[in-house]
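Please read the following briefing beside the sequence and the model.

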Amino acid sequence: MARITLQNLAHSYLPQPSSEDDYALKQMDHVWEDGGAYALLGSSGCGKTTLLNIISGLLRPSQGRVLFDDRDVTDAATAERNIAQVFQFPVVYDTMTVRDNLAFPLRNRGMAADYIAARVQHVAEMIGMESMLSRRAQGLTADAKQKISLGRGMVREDVNAILFDEPLTVIDPHMKWELRTQLKQLHREFGHTMIYVTHDQTEALTFADKVVVMYDGRVVQMGTPQDLFETPAHSFVGYFIGSPGMNFLDARIEGAEAVLTNGERVPLGADYPVPPGRVQIGIRPEYARLTTTGGLALRVHRVEDAGRHRLLRGEVAGAPFNIVVPEGQPVPADVRVAFLPERINLYADDWRVAPVGERVA
Ligand SMILES: Nc1ncnc2c1ncn2[C@@H]1O[C@H](COP(=O)(O)OP(=O)(O)OP(=O)(O)O)[C@@H](O)[C@H]1O
């Protein structure tokens with residue numbers, strides 16, 4: 001197992017990149033701690049696969065270094081890096097049995113036969129395929145083949161890291177939940193460094209201790225699911241995490257108040273520096289509450305039933321605004337909206353601005 005450091009890293013698929021836009025990965029420094037369970041989350045095309053392939057050695061970065069602990073592996077071949085990688089679609093040997101597929105990485109490394117037999121049995125149980133060990137992979141469903149790929153990724157105990165690139169895409173929803181649980185169990189049991197790429201926030205938040213969010217070729221935040229929810233470092237994180245995402249209102253700052261574009265004032269619960277650029281306040285739909293006195297004017301467009309609560313979709317100061325309304329709470333005709341001041345985040349040109357005196361984690 002290893003700590004993985006990306007130092008001054010950047011990657012462009014173009015031979016002669018001339019501007020930042022030419023880079024699939026913009027310059028970054030990032031550390032994946034030894035034994036961490038990370039989810040790498042971001043929308044399509046933000047650079048997740050590129051980053052994973054640089055760590056595994058399938059791709060050489062156009063700039064910077066990759067270190068496993070203190071060893072520079074930037075130019076080391078994939079095989080030398082001792083990494084297991086599971087891709088979105090199954091990679092199995094059709095002519096081999098399930099058992100031989102699972103045993104392959106261990107035989108390749110010359111492990112003893114009885115160790116291989118025991119280990120294959122254990123992994124087959126984890127992926128729910130112990131009754132199929134003697135069957136040929138050919139003719140199995142895509143779902144079953146992907147489980148074999150996952151099993152092969154997990155079979156070696158001595159790898160530096162296991163990288164998963166959207167491994168559950170072809171798996172049916174019930175099995176998805178089960179396999180995610182198994183992966184977490186595997187992490188607890190062996191403590192491998194694991195990086196799990198997904199664009200599904202539920203998948204990310206249930207698998208990982210730390211979630212790394214990428215946007216437009218950059219890591220914009222790494223934190224616990226709670227960090228991402230409470231204090232998104234970038235407006236993309238606010239918008240991407242949560243259902244629905246954070247609301248944003250344009251504003252200017254006057255001490256401990258935000259002044260919205262229509263002149264209404266919002267207490268922020270803390271003093272802020274006056275930041276340059278486009279200033280917005282961000283409020284989660286869960287932290288806005290309905291009121292008939294005080295607060296801000298609210299235009300209600302519609303109220304949707306969302307299971308255990310209702311979702312009010314409306315408008316504040318001319319901008320779309322969503323509010324989670326607890327079950328049973330009425331929505332009167334003259335309703336207004338107020339925010340919990342300590343739950344408001346401030347953004348300047350999409351990056352979070354800390355209030356004066358905030359402790360840096
Ligand atoms: N082999 C390649 N040649 C040229 N450009 C590429 C190549 N692979 C990826 N790109 C570009 O690099 C950017 C990042 O792609 P990447 O596949 O890393 O994103 P991703 O976050 O993994 O997306 P997805 O979730 O769709 O898999 C995209 O703009 C993509 O078009």
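Ala39 stands opposite Tyr196, a residue of strand S8. This is a predicted model, in which local features need pLDDT of at least 70 and side-chain atom pairs count only at pLDDT 80 or more, while totals for chains, interfaces and linings use all residues. Residues are numbered from 1 along each chain as its sequence is written.

- Strand S3 (residues 37–41) and S8 (residues 193–198) pair in the parallel sense over 5 bridges; strands are DSSP runs of E, at least two residues long, and helices are runs of H or I of at least four, both numbered from the N terminus, and two strands pair if DSSP finds at least two bridges between them.
- S3 also pairs in the parallel sense with strand S9 (residues 210–215), over 4 bridges, and there Leu41 has Val213 as its bridge partner.
- In a regular strand the side chains alternate between the two faces of the sheet.
- Both faces of S3 are covered, with Ala37, Ala39 and Leu41 buried on one side and Tyr38 and Leu40 buried on the other; buried means that 20 or more other C-beta atoms lie within 10 Å of the residue's own, exposed means 12 or fewer, and partly exposed is in between, with C-beta atoms placed from the backbone.

**Nonpolar cores**

- The largest nonpolar core has 68 residues, of which Tyr38, Ala39, Leu40, Ile195, Tyr196 and Val213 touch the most other members; such a core is a set of buried Ala, Val, Leu, Ile, Met, Phe, Trp, Tyr and Cys residues joined through C-beta atoms within 7 Å.
- Apart from it lies another core, of 24 residues, including Met246, Val266, Leu268 and Val316.

**Ligand shell**

- Around the ligand are Tyr13, Ala24, Gly42, Ser44, Gly45, Cys46, Gly47, Lys48, Thr49, Thr50 and His199, where a residue is near a molecule if its C-beta atom, placed from the backbone, lies within 6 Å of it.

- Helix H3 (residues 98–108) has Val98, Asn101, Leu102, Ala103 and Leu106 buried, and its buried residues pack against helix H4 (113–126) and helix H5 (142–154).
- Just after H3, Gly110 takes a positive phi of about 70°.
- Pro225, in helix H8 (residues 225–230), counts as partly exposed because it has 17 C-beta neighbours inside 10 Å.
- Leaving aside neighbours within four places in sequence, Pro225 is in contact with Leu205 and Val211, contact meaning C-beta atoms, placed from the backbone, within 7 Å.

How values were computed. Two residues are in contact if their C-beta atoms, placed from the backbone, lie within 7 Å.
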